[in-house]
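Hi everyone, thanks for making time this morning. Let me put the structure up on the screen, and then we can walk through it together.

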Amino acid sequence: MVESVAGWVPPRRVTNDALPAHWGVDDAWVRTRTGIGARHRSGPGVSTGDLAYEAARRLLERAGRPRVDALVLATATPDHPCPATAPAVAARLGLGSVAAVDVSAVCSGFIYGLACAQGLVAAGIAERVLLAGADTYSGWLDPDDHRSGVVFGDGAGAALIAAGPAGAPGELLGFDLGSDGTGHDLITVAGGGSRARSVPGPAGPGDGYFRMRGAAVYQQAVERMTGSCRALLAKLDWDPRQVDHFVPHQANARILRAVAGRLGIDPARCVTHLDRVGNTGAASIPLALADADARGVLRTGDRVLLTAFGGGLTWGSAALRWAGTPAAPGSGTAVAAAAAPAASGTAASRTGAPAASATTASRTTAARPAAAALSEELS
């Protein structure tokens, strides 16, 4: 079962009006094509591991620091090609010698990570798994590529997945996962891996940058997410009208609307967050969930359908009943934009000290003003 979620985005907010002048785009152009009004960028020296640590720290604090037996980190932008980022994050969180592993499924990473976490619990390997989805696309973007530059932002989300009784709120009800490697060239970073290193000579110009073939990706994303959701709905014997909240990967507003329309899900039930943070990769679904929970949109027992599409090509869907996420006294927000976390070599990060203060957000009536203020902060 999914016990709780939390998220964090770095403090630097870049509105459409603040995008580089040489891109030749304005707010109306970006909103019309993507639905995005702003995105957040990491500061110098801040990595994916830093973002994952901050989101996970806030989650653990608001959950009362429960015991965690494993950490799964979904990311396409790890701190290093080797080693994995997850063990370092686990160490910074003070989790001890728990199992820790990275999952690489690009923007589908959180769904794949959710399936991995459920598997660890169901197999009896772990009682509780900390799942993080984090990406820092800002360092991978070509400064001259406005089409990718307007879309992607940096952020992290985290969730606790634990054993629980069948039928209880929070129960993970099913998955549908898939891939198609024949489309591996549609979303790429060509340089840095063993393929590029196997060829003598220097890397090609721009090989270190993120590339995406937008039109083909749009078509694939709509078809794959729609098909995956239909397969899962059929498996669960759910009518689309029974879905209380549809939470797709926050890639592009047009993609979200197209998938919801094909499924027959009322757009009002589509949880969106990308207008304020852009496409945050593996972080987008947990960030959207945390934001919706902080605003009181999600209620205990609600039927929630998640879906995502990413490079590989990969895609996946998951269904659950929402558990509700009450905050522990003095805990961090569900979604927060605060001062950048300390770099991994600083004393603050070594001791796990908070990077910044944050307002508490819970599902209680008293917390609604704080949640509203939080929503306004990220709007």
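So, how many aromatic pairs does a search of the whole structure find? The answer is three. Please keep in mind that this is a predicted model.

Let's take one of them, Y137 with F210, which is an edge-to-face pair. The ring centres are 5.5 Å apart, and the planes make an angle of 80 degrees. Now, where do these two residues sit in the chain? Y137 belongs to the loop between β6 (128–136) and α5 (146–149), while F210 is in strand β10 (residues 210–212), so the pair ties together parts that are 73 residues apart in sequence.

Are these two side chains on the buried or the exposed side of things? Y137 has a relative accessible area of 2%, so it counts as buried. F210 is buried as well, at 3% relative accessibility.

F210 also pairs with F152, and that pair is edge-to-face too, with 4.9 Å from centre to centre and 65 degrees between the planes. Here again distant parts of the chain are linked: F152 lies in the loop between α5 and β7 (154–162), F210 lies in strand β10, and 58 residues separate them. F152 is buried, with a relative accessible area of 1%. Put together, Y137, F152 and F210 make up one aromatic cluster.

While we are on rings, have a look at Y53. The charged end of R92 sits over the Y53 ring, 4.4 Å from the ring centre.

Next, a pair of helices. In general, two packed helices are described by the angle between their axes and the distance between the axes. For helix α7 (residues 214–236) and helix α8 (residues 253–263), the axes come within 9 Å and cross at roughly 35 degrees. This α7–α8 crossing is right-handed.

Who makes the contact? On α7, the residues include Y218, A221, V222, M225 and C229, along with the charged E223 and R230. On α8, they include I255, A258, V259 and L263, together with R254 and R262. By type, the residues of this contact divide into nine nonpolar, one polar and four charged.

Finally, let's zoom out to the whole chain. Its secondary structure comes to twelve helices and 14 strands. Of the 379 residues, 54% count as buried. And if you take contacts between residues at least 6 apart in sequence, 80% of them join residues at least 24 apart.

That's my tour, and I'm happy to go back to any part of it.

Definitions and conventions. Residues are numbered from 1 along each chain as its sequence is written. This is a predicted model: local features need pLDDT of at least 70, side-chain atom pairs count only at pLDDT 80 or more; totals for chains, interfaces and linings use all residues. Side-chain values use heavy atoms; hydrogens and water are left out. Rings of Phe, Tyr and Trp (its six-membered ring) pair if their centres lie within 6.5 Å; planes under 30 degrees apart count as stacked, over 60 as edge-to-face and the rest as tilted. Helices (H or I, at least four residues) and strands (E, at least two) are DSSP runs, numbered from the N terminus. Buried means under 20% relative accessible area, exposed over 50%, partly exposed in between (1.4 Å probe, protein chains only). A charge sits over a ring if NZ of Lys or CZ of Arg is within 6 Å of the ring centre and within 35 degrees of the ring normal. Axes are lines fitted to C-alpha atoms, for helices over the stretch in contact, and angles run from 0 to 180 degrees between N-to-C directions. A crossing is left-handed if the near helix is turned anticlockwise from the far one by less than a right angle, and right-handed if clockwise. Contact means heavy atoms within 4.5 Å.
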